[in-house]
Amino acid sequence: MPDPLSAQGEMLINVIWPNIFEYETPIAIRIIVAIDVTYWNCIAVYHSTVLDANTKQRPAITADAYTIKKYGTSETRMLCAAYGNLIAFSYLMPKSSIMMEELLDSWGLDASLTRINADVLLCDVNNVDCLQKVADNNNYSPQIMASIIVYQSSTLYLENDGWNADGSIGVDGTENTANDRAYSDTIGYKPKHSKKYPHSWQPLVEDNEKGFFYHYDHVTPHIGFTVEPKIISRQELESRSSPDPEYDYDYEAGLVIDRLADLAINDTQKTLVEFFDNKFFVVFAMLTNIEHVVGWSWEERQLFFIGLTAVEYDVVLASWREKVNFDLIRPTTLIKRDRNKKITTYGGPYSGLKEIKSRDFESYHRVMPHAEYPSGSGCICLAVTQFADTLLQKRYDIDNSVSVTLPYYGGYFEAGSSIIEPGNTPKNDLYVKMTDLTQLSDTCGESRLWGGMHFTASIAGSHELCDGIGAAGYEYANALLNGYPL
């Protein structure tokens, strides 16, 4: 196996990234949190004081003091995480399993251990004595400790976490009798009738470019009401709110059309809309730039991840709750209603600025299948940058934030690297540097307006809703250290 930092990087780039992008943002974040919990708990079981990320207490099952002292190293913990995620990916991201097996095989590890160990499964998940005996009898090997970690996490925390990941609960909140659909709604959300509620969210049409067209449902409308947050309490989640945007929709539609007209001839805006749409790209940019400044250990990197992904988890719950509460229309739906009215705006890939009929209007980037207000992206970008700034200040005495080169430290956007306009955008290599994390967050929010996915107040509304969760995320992560050095 490579050194632990490199091994984790290989897993991220070769296994996680090629598969995680198939999932809608909330679901992708749930998966990433589960992965990061596995990493963190592999520290905890081979450490004398660190707390379990799920229980916020010492792990029920740990290695003995001798093993922790002699083998409680980054290498042992990364081995545990590798074997743990080999098992976890089989149900978190099934398509990734073969890639994960191939990666472990290339490292010279046993890639056949894709299921929880049989001896572990003989124990009831709550039978600590039985599980500890299995760990003792197997000399606390990374393979066994990984099996126990995944067994406990999957059974006690993921099976009934409110996401309806297995689709076993129906729209009425009762158990299905057949034909489960993963992550399906459990609260009975339905779009309101557009004639009676003209500004309520409505499904848009998508297609597979092969002649199949469909209207989508609102993705996971239930999670803000059924899922327990990681950092803040349920009471605080329910007490947080965004202000009523009180949109003047005619004025806002005009702004969207004008913004897309500006974007149509602006390669920088196009490139950044694409970049900021993918929050994993944003986190990777933060990670590589911060690592260059602080040069942290493998364990310190896991502290960053366990706090940051918990922050993402909580702000997604908060923003999804408000999206369903406000249930507001997307710009694309509103503008298309003007049918044959001529507008001059972005005319689609490779078309630049163009006069089109309103019925043919599209945003620059795909409109995600959930209500417009508040912006989930605004919440995520504000919270993760506040988390990082708090961590840098309190853990590394860095008060002035850090600059962030996009798309990663030392990198640039290559000419023609656009996903939407490949070969054409940007016309030349594009170098972008954010002066600090605040500018990164602000630009992320603005990019949602440039691309036509949101109306103006959605960004400020998301900031009011999610402000402070990032800083609370650092306190959550720091508390897992239990007052002792990592």
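Me: Why is aspartate 327 called buried in this predicted model?
Reply: Aspartate 327 has a relative accessible area of 1%. Buried means under 20%, so aspartate 327 is classed as buried.

Me: What makes the contact of aspartate 327 with lysine 192 a salt bridge?
Reply: The N to O distance between the two side chains is 2.9 Å. The cut-off is within 4 Å for a Lys nitrogen and an Asp oxygen, so the pair qualifies as a salt bridge. Aspartate 327 sits in the loop between α14 (298-326) and α15 (331-336), and lysine 192 in the loop between α8 (142-158) and β1 (205-207), so the bridge ties together parts that are 135 residues apart in sequence.

Me: Why does lysine 192 count as partly exposed?
Reply: Its relative accessibility is 34%. Buried requires under 20% and exposed over 50%, so lysine 192 falls in between.

Me: How do you know that arginine 240 is buried or exposed?
Reply: Arginine 240 has a relative accessible area of 15%. The limit for buried is under 20%, so arginine 240 is buried. Arginine 240 forms a salt bridge with glutamate 236, with the closest N and O atoms 3.0 Å apart. Glutamate 236, at 29%, is partly exposed.

Key. Residues numbered from 1 in each chain as written. Predicted model: local features only at pLDDT ≥ 70, side-chain atom pairs only at ≥ 80, totals over all residues. Heavy atoms only, no water. Helix = DSSP H or I, 4+ residues; strand = E, 2+ residues; numbered from the N terminus. Buried < 20%, exposed > 50% of the residue type's maximum accessible area, 1.4 Å probe, protein only.
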